[in-house]
Amino acid sequence: MSDTPRAKLSAKHPRPTERTRAPVRPGGTGAAQRRRPAETAATAPNTAPVAPARKATAKPPGRQANAVADKRAGTAAARKPRPASPTSPASTARAAKQSAAPKGRASSVGAKRPASPAPARTPRQTAQSPASPQKRREATKQDETGMVRLSKRMSELGICSRREADEWIAKGWVRVDGAVVAELGSRIRPEQAITVERAARNEQAQRVTFVLHKPIGYVSGQPEDDYPPAAALLTATNRWQEDDAKIRFSPQQLRGLAPAGRLDIDSTGMLILTQDGRIARQLIGADSDIDKEYLVRVAYQSHEENVRAHFPAALIDKLRHGLSLDDAPLKPAEVEWQNPEQLRFVLREGKKRQIRRMCELVGLRVTGLKRIRMGRIKLGNLPQGQWRYLRPDEQF
């Protein structure tokens with residue numbers, strides 16, 4: 001039978017099943033191409049995935065892992081669904097664990113885990129930190145010994161403002177008991193003698209103070225809401241012709257100006273703008289006792305004329321003393337009728353919009369407000385929108 005033509009042909013050309021196959025690596029592409037769907041379905045055991053498949057899934061995503069995943073997806077699509085065989089509870093749990101494990105490992109590699117918020121750290125304080133307990137103890141000891149900052153002491157004595165004192169100290173113009181002190185923040189004893197150089201006195205003498213009759217529509221400080229500042233009125237053309245101060249106007253005099261006692265945009269009257277820190281502290285300092293006088297036109301309910309006849313007299317006493325603003329009681333004030341529609345106020349403090357807020361508390365509506373005096377300096381006949389210099393002989 002081996003001599004038949006069929007046998008001779010079989011001997012020359014053996015069937016594919018009888019060929020010697022080259023070894024194929026697990027997971028290689030050759031195995032997937034040579035394995036036919038029918039053979040795969042017939043030979044695949046009806047059990048849980050074998051170990052090599054689990055290891056391939058657990059590998060991090062890469063070129064080889066992606067090829068294995070593509071091959072596995074194609075093989076699974078070609079397979080026919082087969083009925084699930086009954087399994088024991090233990091095998092079911094083991095299979096669920098094995099199927100869930102690769103998913104968890106793959107997700108942990110393929111995507112970054114959100115960084116957990118780091119707990120807020122309290123800044124570590126060192127011995128060199130200003131907030132350290134050692135620094136606080138040292139400051140307490142200095143306070144207990146009665147030592148005060150040199151600039152503060154100069155301000156308390158009325159020599160200059162604290163800002164000016166710091167400038168003079170930095171320039172070496174300040175002496176304590178005859179010795180130059182050029183270090184900012186230096187502390188001294190209150191009984192020590194303080195002197196300043198002549199250069200400091202000359203510089204201070206060149207600083208000027210303006211007395212301005214502010215109109216309505218101007219703000220006291222920096223421009224806001226497109227309203228111009230009152231300092232814009234300090235020009236050579238707006239100087240009062242009757243000003244007899246022997247000072248020549250210069251634009252340099254507008255540097256470092258500060259309002260001492262503000263007026264709101266709807267108020268008019270005397271406004272002090274100064275380069276001299278001593279005057280600013282005298283007028284608006286925490287320990288200032290300079291009084292300010294105002295004329296205030298008011299309305300009560302629907303009455304704008306002869307308000308005095310309709311307004312209860314007991315509420316005038318309330319304006320004089322007994323009101324509180326910003327959760328703090330107000331200092332006693334002088335309040336009296338100037339005419340049937342106008343009140344005269346004399347205050348020794350300056351809270352924001354104080355008079356308007358006081359009147360609101362007793363049912364009055366302010367329709368006009370004008371400041372006519374600060375200390376011993378009066379507005380007088382100074383026209384609205386014009387200014388004059390504060391003379392050296394004038395004191396608040």
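Tutor: Gln301 first: at 54% relative accessibility, Gln301 counts as exposed (over 50% is exposed, under 20% buried, in between partly exposed; 1.4 Å probe, protein chains only). This is a predicted model, where local features need pLDDT of at least 70, side-chain atom pairs count only at pLDDT 80 or more, and totals for chains, interfaces and linings use all residues. Residues are numbered from 1 along each chain as its sequence is written, and side-chain values use heavy atoms, with hydrogens and water left out.

Student: What is the phi of Gln301 near?

Tutor: Gln301 sits in the loop between β9 (292-300) and α12 (307-310). Helices (H or I, at least four residues) and strands (E, at least two) are DSSP runs, numbered from the N terminus. Gln301 is not a glycine, yet its phi is positive, near 55°.

Student: Is Asp327 buried or exposed?

Tutor: Asp327 lies in the loop between β10 (324-325) and β11 (328-329). Its phi is also positive, about 60°. Its relative accessible area is 83%, so Asp327 is exposed.

Student: Which kind of aromatic pair do Trp387 and Tyr389 form?

Tutor: Rings of Phe, Tyr and Trp (its six-membered ring) pair if their centres lie within 6.5 Å; planes under 30 degrees apart are stacked, over 60 edge-to-face, the rest tilted. Trp387 is buried, with a relative accessible area of 0%. Its ring centre is 5.0 Å from that of Tyr389, with 85° between the planes. The pair is therefore edge-to-face.

Student: Which residues do ring pairs link into a cluster?

Tutor: Phe249 and Trp387 form a tilted pair, 5.7 Å centre to centre. Tyr389, at 0% relative accessibility, is buried. The cluster links Phe210, Phe249, Trp387 and Tyr389.
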